[in-house]
Amino acid sequence: MAKEVILLDFLVSPFGMRVRIALAEKGVEYEYREEDLQNKSELLLKMNPVHKKIPVLIHNGKSICESLFIVEYIDEVWRDKSPLLPSDPYQRAQARFWADYIDKKIYDCGDRIWRGKGEEQEAAKKEFIDCLKLLEEQLGDKPYFGGDTLGYVDVALISLYSWFPACESLGNFKIEESCPKIVAWAKRCMQKDSVSKSLAEPQKINELFLQMKKRLGIE
């Protein structure tokens, strides 16, 4: 099944990180190709002609785009190890719901925190914490959102968690003060090599944020 697997990615992309985690969980060998997002490769434009974005997984010459779809594809193709989505249809639908929630709410709030200032930033921070508290309720007393093992929702959220320190620094707040259960969960995830070796260093993410703020003229 793993005749040829190529990942077109960008090191600090949280969306690329979740694909790397899924591949690591499954033990899939692949070729990593770093993209210059200011000068996208012909291969990227060919393999994702609609959105022209990373990550793109190329498996035996065929491309799969959008990170959550890629994670699902990986889970279905390499199904003999570390299942990520539940086998029960209802639980599987719930996992997809919360992964979608994470992309629509957590990512959006984080984006508004580093871009915003004043009242706009404060509103984004409040919504961000409220969303994390809701996710804490979903986590409950389980070690992972997936239960006893790392699952689809865990992969979706832990990749964005890698951006949290930069958001905290630029927003001047501490997530652990309001959401200690999420931080404890993240530390648990980071004990897994598949996670810790797939996430970019917080310093590099912070540097990226500062570069983007300068490029956009945001002080």
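## Close-up views, panel by panel

**Panel A. Tyr32 is partly exposed, because its relative accessibility is 32%.** Here, buried means under 20% relative accessible area, exposed means over 50%, and partly exposed is anything in between (1.4 Å probe, protein chains only). Keep in mind that this is a predicted model: local features need pLDDT of at least 70, side-chain atom pairs count only at pLDDT 80 or more, and totals for chains, interfaces and linings use all residues. Residues are numbered from 1 along each chain as its sequence is written, and side-chain values use heavy atoms, with hydrogens and water left out. Tyr32 sits in strand β2, residues 31–34. Helices (H or I, at least four residues) and strands (E, at least two) are DSSP runs, numbered from the N terminus. Together with Leu11 and Tyr30, Tyr32 makes a nonpolar surface patch of about 230 Å². Patch members have over 30% relative accessible area and no salt bridge; like charges are joined within 9 Å, and nonpolar side chains (Val, Leu, Ile, Met, Phe, Trp, Tyr) within 5 Å. The areas come from the Shrake-Rupley method with a 1.4 Å probe, and for residues only the protein chains shown count as cover.

**Panel B. Strand β3 has partners in both β1 and β4.** β3 covers residues 56–59. Its link to β1 (residues 5–9) consists of four bridges, and the two strands run antiparallel. In that pairing, His59 of β3 has Val5 opposite it. Four bridges also join β3 to β4 (residues 62–65), again antiparallel, and here Ile58 is partnered with Ser63. Two strands pair if DSSP finds at least two bridges between them. To get from β3 to β4, follow the hairpin: two residues lie between the strands, and Asn60 in the turn has a positive phi of about 55°.

**Panel C. Look at which way the side chains of β3 point.** In a regular strand, side chains alternate between the two faces of the sheet. In β3, Val56 and Ile58 point one way, while Leu57 and His59 point the other way. Whichever way they point, all four of these residues are buried.

**Panel D. Asp9 and Arg20 meet in a salt bridge.** Their closest N and O atoms are 2.6 Å apart. The pair links distant parts of the chain, with Asp9 in strand β1 and Arg20 in helix α1 (residues 14–26), 11 residues away. A salt bridge is a side-chain nitrogen of Lys or Arg within 4 Å of a carboxyl oxygen of Asp or Glu. Asp9 counts as buried because its relative accessibility is 0%, and Arg20 is buried too, at 6%. In total, the structure holds 14 salt bridges.

**Panel E. Glu25 pairs with Lys192.** This salt bridge has its closest N and O atoms 3.6 Å apart. Lys192 lies in the loop between α9 (180–190) and α10 (193–196) and Glu25 in helix α1, so the pair ties together parts that are 167 residues apart in sequence. Glu25 is buried, with a relative accessible area of 10%, whereas Lys192, at 26%, is partly exposed.

**Panel F. Lys81 touches Glu25, Lys26 and Gly27, leaving out residues up to four places away in sequence.** Contact means heavy atoms within 4.5 Å. You'll find Lys81 in the loop between α3 (67–77) and α4. Lys81 is partly exposed, because its relative accessible area is 41%.

**Panel G. A salt bridge joins Lys105 to Glu127, at 2.7 Å from N to O.** Lys105 belongs to helix α4 (residues 89–115) and Glu127 to helix α5 (residues 118–139), so this pair ties together parts 22 residues apart in sequence. Both are partly exposed: Lys105 has a relative accessible area of 29%, and Glu127 has 25%. Through shared partners, salt bridges join Lys105, Asp108, Arg112 and Glu127 into one network. Helix α5 also holds Gln121, which is buried at 11% relative accessible area.

**Panel H. The largest nonpolar core has 65 residues.** Ile106, Phe128, Leu135, Ile158 and Trp185 have the most contacts inside it. Helix α4 gives the most to this core, with nine residues. A second, separate core has eight residues, including Leu8, Met47, Val56 and Ile58. A nonpolar core is a set of buried Ala, Val, Leu, Ile, Met, Phe, Trp, Tyr and Cys residues joined through side-chain atoms within 4.5 Å.
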